Structures are given as C-alpha cells and as structure tokens.
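Subject: Structure handed over, with notes

Dear colleague,

Here is the structure you were waiting for. My notes come after it.

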Amino acid sequence: MEGKANRVFENLEKIKESVSKYNPKIVAVSKYYGTDRMIEAYEAGLRDFGESRLPDAVEKINGLDDEIRSDCNYHLIGHLQSNKVKWAVGYFNLIHSVDSVKLADEISKKALSLGIVQKILIQVNNAGEEQKFGIAPSQLEKTISEVSKMKGIELIGLMNIAPLTDDLKLLKRLFDEMFKLKETYKLKELSMGMSNDYKIALDSGATIIRLGRILFE
C-alpha cells in the first residue's frame, strides 16, 4: 500500500512539473480503481475524480469517509443515459458528457426538482467517430442556443475524447479546433487530453485534463 501511495505521489509530481506553465485542473480518472486507490490519490493531493459507471460510481463515492468525500469534486466523464440522470445530478460537480438537447433537458428537470444548478459540458465529437458519442461541430451552435435557455443547468464549456492514434498532427488539429469552438462560444472550460495525449491538448488550450493510467500505474 505504501509503495502504491508513493508511486501515485511520484507520478503526480512529475505530471505537475510538466504542466505547471498551463495550470490545468487535473481530474484523476478513478473509474477503473477502488476507493483505496482514490484515497491514495487524495493523500497525494488530488481533489478531482472522474467516474463513469452509474450507479456504481455513486456507491463508490458514498463509500468514502465523510471528510474525504466532502473535500473532493466528482466529474462524470462517461456517457450518460437519460434513465440514469437521477444518479448523476447532484452527485457530480460537473457532467462532462452532455451529448444531446434531450439529455440536457432531463438534467435540467432533475436539477430543478432538487433546487440546484448542475454544471455541465457539451461533448463534441469533432473527429466524427461513429463509435463515440458527442455532437458534431455543425450542430453545436443550435445545441448551445437551446441548452443555454434551460434552467437548473449551467453550461461552462466543452469536452472531447480524441481518437486513440499516434498521428500527432491529427490530434493537434482536433484539439485546436476544440479550442476555437470554445472561444467562438465564449465558454470557460475545455476538457480534453488523457494519459497518452494530454501534453498536446494542453498546448492547444485544454483547461481540464483527465488522467488515469499515468497517475495510478
């Protein structure tokens, strides 16, 4: 346990050093790891955790000690089905993966019923990958217009999941396009970049990076 904790700490220190000039929010992708690994990450200094498997993620979060649980922020980074909105709203500080007006409407209704404002990001599939969720860039203006009118939610930015590829030029082009979209619609946050491509994402303007393997292994 001690060795693992030291490794998470050491991994985080190396990452912090490499990203210091960008000052991003680092979300520890804990979805493949148990509460023991989340506690190790917490003790290493991390306070933002990314989950995707509902309702298991909620059960895991609730399994943390009260002091730790209340001191952390939780990010829903996986696909959210409409019938699982009840598990997400109010449990997660930020939902990254809103990929339709219909889903945003369900989140709005649930948030209003709880008397809260749920922060969200719109997921954009600018690589056009059929196997991935997200809104096409051509539909983004209409989607933002409709979502922005909804009560109970606050749209603060965009998210994308880049292709798993060694084509660095492609990744750079896709990340640059995401940044231009964020700027066009005057949004604050841009969630992009994972363990294999976060440095390219940061160079293109990411404000939130989602790191799993590179932190925990």
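Predicted model: local features only at pLDDT ≥ 70, side-chain atom pairs only at ≥ 80, totals over all residues.

Pockets

The largest pocket has a volume of about 570 Å³. Its lining is made up of 26 residues, and those nearest the centre are Val 29, Lys 31, Tyr 32, Ile 161 and Met 194. By type, this lining splits into twelve nonpolar, eight polar and six charged residues.

For the second largest pocket the volume is about 230 Å³. The residues that line it are Lys 25, Asp 48, Asn 73, His 75, Asn 93, Leu 94, Lys 119, Glu 154, Ile 156, Lys 188, Glu 189 and Ile 208. Two or more of the lining residues come from each of strand E3 (73–76) and strand E6 (153–159).

Cavity

There is one cavity of 30 Å³ or more in the structure, and the space in this largest cavity is about 60 Å³. Its lining includes Gln 123, Val 124, Asn 125, Asn 126 and Ala 127, as well as Lys 132 and Phe 133, and also Asn 160, Ile 161, Ala 162 and Pro 163. Six of the lining residues are nonpolar, four are polar and one is charged.

Helix H7

Helix H7 covers residues 137–147, and Leu 140, Thr 143, Ile 144 and Val 147 are buried in it. Viewed down the helix axis, the buried residues of H7 fall within an arc of 100°, so they line one face of the helix. Ser 138, Glu 141 and Lys 142, on the other side of H7, are exposed. The buried residues of H7 are covered by elements that include helix H6 (101–114), strand E5 (118–123), E6 and helix H8 (168–184).

Lys 102 belongs to helix H6. Its relative accessibility is 60%, so Lys 102 counts as exposed. Lys 102 and Glu 146 are 44 residues apart along the chain, and their C-alpha atoms are separated by 10 Å.

Nonpolar cores

In soluble globular proteins, nonpolar side chains tend to be buried together. Here the largest nonpolar core has 61 residues, and Phe 49, Leu 80, Phe 92, Ile 95, Ile 107, Leu 158 and Leu 215 have the most contacts inside it. Beyond its neighbours within four places in sequence, Leu 80 is in contact with Leu 54, Val 85, Ala 88, Ile 95, Ser 97, Leu 103 and Ile 107. Another core, of six residues, lies apart from the largest one, and its members include Val 27, Leu 94, Leu 121 and Met 159.

Backbone details

The peptide bond from Leu 54 to Pro 55 is cis, with omega near 0°. Pro 55 sits in the loop between strand E2 (48–51) and helix H3 (56–62).

Asn 23 is not a glycine, although its phi is positive, at about 50°. Asn 23 is in the loop between helix H1 (2–19) and strand E1 (25–29), and is exposed, with a relative accessible area of 66%.

Lys 186, also a residue other than glycine, has a positive phi near 55°. Lys 186 is in the loop between H8 and strand E7 (189–191), and counts as exposed at 74% relative accessibility.

Regards

Definitions and conventions. Residues numbered from 1 in each chain as written. Heavy atoms only, no water. 1 Å grid on protein atoms, 1.4 Å probe; cavity = no way out; pocket = protein on both sides within 12 Å on 5 of 7 lines; lining within 4 Å. Points joined across faces, edges and corners; volume = space filled by probe spheres on them. Nonpolar A, V, L, I, M, F, W, Y, C, P; charged D, E, K, R; others polar. Helix = DSSP H or I, 4+ residues; strand = E, 2+ residues; numbered from the N terminus. Buried < 20%, exposed > 50% of the residue type's maximum accessible area, 1.4 Å probe, protein only. Arc of directions from axis to C-beta. Contact = heavy atoms within 4.5 Å. Core = buried A, V, L, I, M, F, W, Y, C linked by side-chain atoms within 4.5 Å.
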